[in-house]
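Subject: Structure for you to look at

Hello,

Here is the structure I said I would pass on. Please open it first, then read the notes below with it on screen.

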Amino acid sequence: MSLHRRNAVLVYLTAVLAAVGLLAIPVTAAATPQVQAAPGVAGAFGSVDPVRLLDTRTGNGAPKARLQPGASITVGFLNRGGLPTTGVSTVVASLTVVSPSTGGTLAIAPANAPTQRAVVINFAAKQGISNTAFLPLSSAGQVVFTNVSGGTIDLVADVTGYYRSGTPTLAGTYGLIAPVRLIDTRTGNGAPKARIAPGTSITVKFTGRGGIPTSGVSTAVAALTVVNPSAGGTLSVAPAGNTTKRAVVINFAAKHGISSTAMLPIGSGGQVVFTNNSAGTIDLVADTTGYYRAGTAARSGTFGPVDPIRLLDTRTGNGAPKARLAAGQSITVSLPGRGNLPGTGITAVTAAVTVVSPTAGGTLAVAPGGATGKRAVIINFAAKQGISTTSLLPIGAGGRTVFTNVSGGTIDIVADVTGSTLDIDTTATPTWGTPTPVYKPVGELTTVSCVNVSFCMASDGARSFRFNGDVWTTQLGRGFSEISCSSTTFCIGVKDGRFSRWNGTTWTTPAAIKAGETTVDQVSCAASTCVAISTGRTAYRYSGGTWTASTIGATTTTLQDISCASAVYCMAVDTNGRYMKRTSTGWSAPAQVWTASITRAVDCTSVDFCVVVGIAGLDGSQATEFNGTTWSTPTRLGTADEDLVVQDVSCFDSVRCMAVGYATPQIWDGESWTASDAGTSLAGFSVDCFSHPGCIVQAALQVTFWSDGQVGDGHQLVTSDGIVDVSCAAADCLVVAEDGGAVKYSGGTVTQLQDGSVVGVDCLTATYCVGVGGNLTSGSRVFDGLNWTDDQILPMVHYPTDVSCTSTSFCMAINRQGNTAVDRGTGWTDAGTIGATAGDITSVECVSATRCYATIDAFPDGGGVVTWNGTSWSAPVELSAAGGVIAISCPDAGFCVAVGQEDDDNTGYAAYFEDTVWSAAIALPSSTLGVAGVSCASRTFCGVTDDLGQVSTFNGATWSTPVKVGSADATTNAISCWAIGSCAATNGSDGSLTTTN
């Protein structure tokens with residue numbers, strides 16, 4: 001809600017809330033009424049600043065004279081006080097009978113049908129009383145007021161709003177009917193002709209009667225009158241078929257009739273249940289003046305009903321502390337997001353409010369949160385006499401309402417909520433398209449090959465990773481089962497019968513080694529010549545850019561590995577321990593290496609030195625060396641207590657080899673095998689020794705360098721997190737992954753980017769995105785639509801995780817430890833550290849160069865937000881004590897949505913920042929589990945993702961039922977929305993991106 005709109009509503013509600021109460025002093029007329037934007041559809045509500053349009057004491061709107069017994073006055077309302085000149089069916093006003101000389105009633109009717117009356121106030125002699133009334137206008141905009149008493153009265157009307165004329169068709173719009181009595185137990189109208197006995201109920205049909213449609217009705221508006229109660233008590237209403245959902249609408253005293261306007265919830269069969277909660281009997285009258293269309297309210301000014309629900313009871317601690325309000329005390333209550341009310345986007349909540357057991361006379365006042373100066377009296381009460389009224393409770397800053405006990409005694413307060421009025425036009429829930437694969441799920445590393453300490457290649461079967469001596473970079477779509485590099489400008493990668501060649505800059509497009517061949521998964525290169533083998537008996541030699549096939553011996557078992565020491569000398573082994581040599585004359589016949597082993601790998605450094613490793617049953621892992629003529633006696637690798645379970649072997653020369661497996665690596669020194677000092681920290685599946693002291697060991701997810709007995713740093717190349725972020729500018733999206741992959745998605749076209757390793761990204765346009773983290777462990781880079789450029793270092797921010805930019809001259813980056821850096825267009829500088837917290841800093845969102853928000857996963861046990869003011873970070877503001885805040889999105893400077901999840905069961909919640917105040921945490925749909933991300937394109941459209949692969953969208957008031965995006969068992973972890981109805985969501989499990997239709 002805009003601040004202008006909010007202020008208008010606050011003024012409007014001040015008068016409305018005064019109207020529905022019992023006021024001792026009438027509201028003062030507004031000096032200069034302000035006209036608000038007219039509602040755009042028939043039956044929608046439009047507010048005006050409170051204005052007095054009738055006062056018989058001063059001659060305002062009618063002659064300056066008291067109404068005589070039985071007399072009527074006709075009052076015109078159109079084109080006065082900000083009301084339109086035409087197109088109005090109903091005026092909402094606070095009516096006050098002032099100083100009646102005797103008891104009686106006040107009736108209203110449209111001027112063109114003065115006999116179609118509705119009783120709106122019951123009054124006693126010398127006791128002024130007020131009530132809200134829906135005044136039915138004639139076509140000329142006039143209402144007839146009639147004094148039905150034996151005495152004289154003055155009459156005041158303070159107008160606060162109106163409903164558009166026309167046939168209501170949209171959900172939540174109001175339909176006027178000529179006032180009609182649809183219940184009178186004294187005459188048998190609508191119910192049996194009998195007083196309602198103590199504790200009993202009557203069920204009355206409203207639809208299809210008196211001008212109310214036969215169907216499609218959620219609520220009827222009626223002036224209810226309890227007549228001649230024999231004992232004090234309350235009258236409650238409930239929808240038929242759900243009688244436990246009661247709302248108390250009238251409190252009455254013995255022998256004192258009382259009237260009140262009520263919103264009657266229509267239940268099954270178009271019926272409402274009325275219950276006499278007293279020890280005596282009563283008669284009941286209902287004069288109906290209109291109805292609301294059923295359905296989900298979607299337009300500003302429309303009414304959304306909920307089943308009556310008690311959202312405030314100070315006697316039980318429901319919605320407020322369990323304590324009576326002391327004299328002069330106020331309590332602040334959050335109603336939005338509870339009892340099926342929208343979490344935001346509403347101007348007022350309709351409720352039957354009851355003051356219970358007051359110890360002294362006084363008034364109950366309400367005010368919107370953050371504007372207690374707009375306080376209005378809604379109930380006048382006497383000592384020891386409970387009283388109820390239907391009220392429009394103002395929703396202020398942070399979704400809060402303030403109740404104040406203006407008396408010298410104590411009271412309890414009860415509020416039974418029946419609905420709310422929207423102050424925005426909600427947006428439609430979008431549908432989602434078919435997922436597009438953009439990033440293959442991560443797997444374990446399969447191969448590694450190094451030329452020297454400054455150049456290595458690795459792969460996990462889905463992408464390749466290149467090491468430049470400092471960092472690893474990723475290229476998608478170039479995944480291999482094995483890579484063999486002979487220089488920094490020549491590598492061959494193979495997988496499933498296809499190959500790519502590294503030319504020093506990039507990998508070539510994968511191509512088939514031979515048409516129909518799908519089993520080539522091993523390769524070895526020497527200089528610019530390579531030999532690849534299939535699992536059958538075929539070897540393919542690569543030279544001069546072409547592959548030539550040849551058959552390897554008459555073996556019937558699967559070829560396991562190959563190693564080439566030169567362009568003309570290679571050795572291949574099969575799984576049953578046989579080997580074949582390739583020389584300039586071709587392949588030799590198979591010969592036995594050993595008889596009892598399962599061969600794992602072979603590596604040759606020359607025609608005179610090769611090593612084969614394998615597993616020999618109970619004898620464990622073994623190695624044997626070839627001297628150009630014969631094989632040595634196999635040697636056990638490891639011990640009986642710690643067998644290596646060997647997986648691979650690599651040799652730099654005849655006096656330095658390393659064999660790796662699940663236990664401590666074994667080192668060959670030219671004479672014998674011994675355990676490495678590295679221990680199990682170097683356990684792995686693949687090894688490549690590129691110098692006399694240097695090897696690299698590849699495990700499932702990382703590679704580790706080893707040099708002359710010293711274990712270097714491990715480099716984790718793949719993770720289980722997959723896609724971690726997406727940012728879209730219009731329909732152009734940039735997808736980034738935890739392990740450094742990056743993909744550009746544009747209009748359904750997927751482009752895999754090279755060297756784009758970041759973990760957090762924010763795109764302002766299709767040609768300007770800023771990414772942080774990834775292989776730039778303390779850096780940022782810019783994507784210009786084609787390439788990554790402008791690598792920079794972030795001071796003090798090691799391993800940044802998120803970035804937010806408002807322009808090309810302002811970005812803010814954070815890491816989980818709370819270190820922050822700012823770039824004002826001239827490079828990154830230290831932005832300070834977010835104060836001590838007990839949890840991670842999870843996200844950042846900036847709306848200007850002087851306003852950013854960062855979210856906290858645990859503060860100290862729940863979740864919170866800190867604010868950047870252009871210079872420093874604020875202290876945290878707690879949003880939820882039950883769970884951390886995961887993400888935040890702000891479509892403009894005045895509105896943000898923060899989402900998080902409860903620690904005990906991972907259910908999601910949202911909190912809204914509006915008019916400088918955060919709301920309480922409000923539950924997301926119950927099926928939302930493990931909130932992952934949020935993105936807002938406007939105040940009326942956001943999307944949130946969860947860990948079940950679901951997306952829920954926000955329409956300005958409520959969240960939709962979550963829907964699956966991606967495969968059934970996937971995890972959705974990132975979302976970006978760039979316009980109303982337009983979002984892209986990624987799926988971490990199946991590597992897909994899905995856009996809205």
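The model is predicted. I will start with the rings, because a pair of aromatic rings is described by just two things, the distance of the centres and the angle of the planes.

Aromatic rings

Across the whole structure, a search turns up 32 aromatic pairs. One of them joins F134 to Y174, with 5.5 Å between the ring centres and 50° between the planes, and that arrangement is tilted.

Is Y163 buried or exposed? Its relative accessible area is 6%, under the 20% limit, so Y163 counts as buried. For Y174 the relative accessibility is 0%, so Y174 is buried by that limit too. These residues belong to a cluster linked by ring pairs, made up of F45, F134, Y163, Y174, Y292 and F303.

In soluble globular proteins, nonpolar side chains tend to be buried together. In this model, the largest nonpolar core has 61 residues, and the members that touch the most others are F206, L224, L235, L264, F274 and L364. Strand β19 (residues 346–356) supplies the largest share of this core, six residues. There is also a second, separate core of 34 residues, and among its members are L53, A133, L137 and A223.

Setting aside residues up to four places away in sequence, F274 touches I183, T200, S201, I202, V204, F206, L224, L235, S236, V237, L264 and L284.

A buried cysteine

C657 sits in strand β48 (residues 656–660). Its relative accessible area is 0%, so C657 is buried. Which residues does C657 contact, apart from its neighbours within four places in sequence? They are F609, V611, S650, C651, Q666, I667, W668 and W673. From C657 to D708 is 51 residues along the sequence, and their C-alpha atoms are 11 Å apart in space.

Two residues with positive phi

Most residues other than glycine have a negative phi. N79 is not a glycine, yet its phi is positive, about 60°. You will find N79 in the loop between β2 (72–76) and β3 (88–98). With 55% relative accessibility, over the 50% limit, N79 counts as exposed.

D496 is another residue other than glycine with a positive phi, near 55°. The loop between β31 (490–495) and β32 (498–502) is where D496 lies. Its relative accessible area is 42%, so D496 is partly exposed.

Salt bridges

How many salt bridges does a search of the whole structure find? It finds 18 salt bridges. I went through a few of them.

R186 and D184 meet through their side chains in a salt bridge of 2.9 Å, N to O. Within this pair, R186 is partly exposed at 37% relative accessibility, whereas D184 is buried at 4%.

R299 bridges to D425, with 3.3 Å between the closest N and O atoms. R299 is in the loop between β16 (283–293) and β17 (303–313), and D425 is in the loop between β24 (412–422) and β25 (436–437), so this pair ties together parts that are 126 residues apart in sequence. Both ends are partly exposed: R299 has a relative accessible area of 33%, and D425 has a relative accessibility of 38%.

D574 forms a salt bridge with R578, and their closest N and O atoms are 3.2 Å apart. D574 is buried, with a relative accessible area of 0%. Finally, R52, D55, R57 and D158 are linked in a network of salt bridges.

Regards

Key: Residues are numbered from 1 along each chain as its sequence is written. This is a predicted model: local features need pLDDT of at least 70, side-chain atom pairs count only at pLDDT 80 or more; totals for chains, interfaces and linings use all residues. Side-chain values use heavy atoms; hydrogens and water are left out. A nonpolar core is a set of buried Ala, Val, Leu, Ile, Met, Phe, Trp, Tyr and Cys residues joined through side-chain atoms within 4.5 Å. Buried means under 20% relative accessible area, exposed over 50%, partly exposed in between (1.4 Å probe, protein chains only). Helices (H or I, at least four residues) and strands (E, at least two) are DSSP runs, numbered from the N terminus. Contact means heavy atoms within 4.5 Å. Rings of Phe, Tyr and Trp (its six-membered ring) pair if their centres lie within 6.5 Å; planes under 30 degrees apart count as stacked, over 60 as edge-to-face and the rest as tilted. A salt bridge is a side-chain nitrogen of Lys or Arg within 4 Å of a carboxyl oxygen of Asp or Glu.
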